[in-house]
Amino acid sequence: MTVSTDNPLLTPWTTRFGLPPFGEIKPEHFGPAFEQAMAEQKARFEAIATNPEAPSVANTLEALETAGELMGKVGRVFWNLTGSDATPELQAIEREVAPKLARFHAELMTDARLFARIKALYDRRDTLDLTAEQRRLLDCTFRWFSRSGGGLEAPARERLKEIAEQLSQLGTKFSQNILADESAYALILDGEDDLAGCPDFLKAAMTRAASDRGHDGKHAVTLSRSIIEPFLTFSERRDLREAAFKAWIARGESGGATDNRALIAEMVALRSERARLLGFDSFAAFKLDESMAKTPAAVRDLLETVWKPARAKAGREADALRAIIDNEGRNHPLEAWDWRHYAEKERRRAHAFDEAEIKPYFSLEAMIRAAFDTASRLFALTFTERRDLDGYHPDVRVFEVRDTEGAFVGLFLGDYFARPSKRSGAWMSAFRSQQKLTRDERPIIVNVMNFAKPEEGKPSLLSFDDVRTLFHEFGHGLHGLMSNVTYPSLAGTAVARDFVELPSQLYEHWMSHPDVLSRHALHHQTGEPIPAALLAKLLAARTFNQGFQTVEYTSSALVDLDYHLPGVPQPLDVDQFEKSVLDHIGMPDNIVMRHRSAHFSHVFSGDGYAAGYYSYLWSEVLDADAFRAFTEAGDVFDPQIAERLGKFIYSAGNMRDPEDAYVLFRGRLPTIDGLLEKRGLTA
């Protein structure tokens, strides 16, 4: 096969550690690279399918593992860039290539000849001399091809290909619509009256945001959480809070070209059809069949167990906020755009501190060091910044990761600041995954955030929630970095959706532990540690406002589940459906879903968390119980427990069933008690 010599995506990378040569890669390189990658992968799959030898682990399973190497190399660069540094050129390519790739992969996964070879191995699995990891690979490969339609008759397989192509088109459009809405909106503030109540750190962030949008000398409220949430918290201008909040929750439902509601209706119908073709009564049943939860009934049971005490606690929280409104002599109800503002005042009253008081102790630099130091103490890793290595954007920082014996573990990229070319939220991804099948290949992991970028020369100061996000995504990052498996498809975070959040959510516990905070929560100007009294107040307030936060999240998870159960009306009116679900569960009228349907990227930008948004809560049952292992030992860095955690959770990828992995770490399965206690929902 002819290999291009002038396309950096199609030539071996000679960069240090194999980091993609970002400065050489141009948008026009991706089209030819994808075409060549598809041709190569198709040829390799064809060779496997037509191999006259009897199926074996080597000529079928392991051959499949390596057949898409070029596709993975090209795709990981492309999809990371479209999420974190998109340009109009990249978005145009994405619209063209996404459905083409979806159909291409569906064709490969529904090849009856390949499925027959895999099934022949699967049927003889108990007679084959397989290692534990080979057996896991066989089980997973058979399930992946079965769930893709490999065992169906030709008409059904063809329809599945069409559905995959359509869903890819719709998901791409959905995410691009949200990015367009977020990039287009800015509430420009002009004058001191508009800034009433806003602390200096927020003013600085809004100044930078306004300048980035061509409004020098003014301030801008954008729809990045790092700006919109503190504005809703501190601004005394109720009219401006209302305007910004309504724009925030209306992303994706403008009624114009970027409206996502028709896309949602089509996606829900297509997912349901796909599930029925594969023998399931709903997409939720199909999706959950390979999860820890197993069934929609189990998911609903968990969500409702948490929903009832959360709603009750939110009601008590609302009463306290209304009392503040009354005491201030304001004649207005408690609306959704008021909640964060008055919750902050209640926190000041109940716990005698506010967010602005603690921010000076949570600089981005200090919290990055805290995350690294925690990994060093738990897993004996070291992190060294490599300023000589270039990321895909000037803001991206590159760190070399090694173990205590000096062995190279991987590269970690940190992309921390919001920009118009980046989609909202925070996530972990990989430019290269770990594997040992063809060579000892170490991972290149990236964490992407959307913190407000400070003015030049000023430190980036984080909220406590920002710090939690940083630790959360770094937990995902460690899951990818520490991976130590043979097969690429089992590496890192390639685990059940309701297990993948365990390493990330568990890592959050160290963020708020006094041992970590006393070391790293240092004043950005004086270097003094956070005062013991302020630290005590901060920790005492950890369950503050948890009714509100749990209602925000759980309502989103319940709506997601109901979209993917039988009986969804056709044609689907998204607004009416969302309202009917919320009315049924008794959603408080002054709290809004954390992710309303029209901008619910977890669920509609792709299938990743569709019928699976509950997984954060499911994983929280695990993480609350898992951290208890350390507290019960009396040392949150207990070396023996940390060794088991690293071996069976962070480095094990998908080598085992998640329940088996958890039991090997903890000695038993978890209970829900730790979750309820963690969220303050036990009373």
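What radius of gyration would a compact globule of 683 residues have, and what does the protein chain have? A compact globule would have a radius of gyration near 26 Å, and the protein chain has 25 Å, which agrees. The radius is taken over C-alpha atoms, and the globule rule is 2.2 Å times the number of residues to the power 0.38.

This is a predicted model, in which local features need pLDDT of at least 70 and side-chain atom pairs count only at pLDDT 80 or more, while totals for chains, interfaces and linings use all residues. Residues are numbered from 1 along each chain as its sequence is written, and side-chain values use heavy atoms, with hydrogens and water left out.

**The whole chain**

Along the principal axes, the C-alpha atoms of the protein chain fill a box of roughly 85 × 60 × 55 Å. The protein chain contains 27 helices and seven strands; these are DSSP runs numbered from the N terminus, with helices being H or I of at least four residues and strands being E of at least two. Of the 683 residues, 59% are buried. Buried means under 20% relative accessible area, exposed means over 50%, and partly exposed is in between (1.4 Å probe, protein chains only).

A contact means heavy atoms within 4.5 Å. Among the contacts with a separation of 6 or more, 73% are between residues 24 or more positions apart. The protein chain exposes about 27100 Å², and carbon and sulfur atoms supply 50% of that area. Accessible areas come from the Shrake-Rupley method with a 1.4 Å probe; for residues, only the protein chains shown count as cover.

The side chains include 82 positive and 101 negative ones, and the centres of the two sets lie 1 Å apart. Lys and Arg count as positive and Asp and Glu as negative, while His and the chain ends are not counted. The place of a charge is taken as NZ of Lys, CZ of Arg, CG of Asp or CD of Glu.

**Paired strands**

Two strands pair if DSSP finds at least two bridges between them.

| Strands | Sense | Bridges |
|---|---|---|
| β3 (residues 381-385) and β4 | antiparallel | five |
| β4 (residues 397-403) and β5 | antiparallel | six |
| β5 and β7 (residues 444-451) | parallel | six |

In β4, F399 is the bridge partner of E385. On the β7 side, L413 stands opposite V446.

How many residues of β5 (residues 408-417) are buried? Nine of its 10 residues are, so that the strand is mostly covered. β4 is also mostly covered, with five of its seven residues buried.

Helix α2 (residues 57-66) has seven of its 10 residues buried, so it is largely enclosed by the rest of the structure. The buried residues are V57, N59, T60, L61, L64, E65 and T66. Their cover includes α1 (30-49), α3 (69-84), α5 (112-123) and α6 (132-147).

V516 is found in helix α19 (residues 514-520). V516 counts as buried because its relative accessibility is 2%. Leaving out residues up to four places away in sequence, V516 touches A370, T374, W510, A521 and F637. V516 and T374 are 142 residues apart along the chain, and their C-alpha atoms are separated by 7.5 Å.
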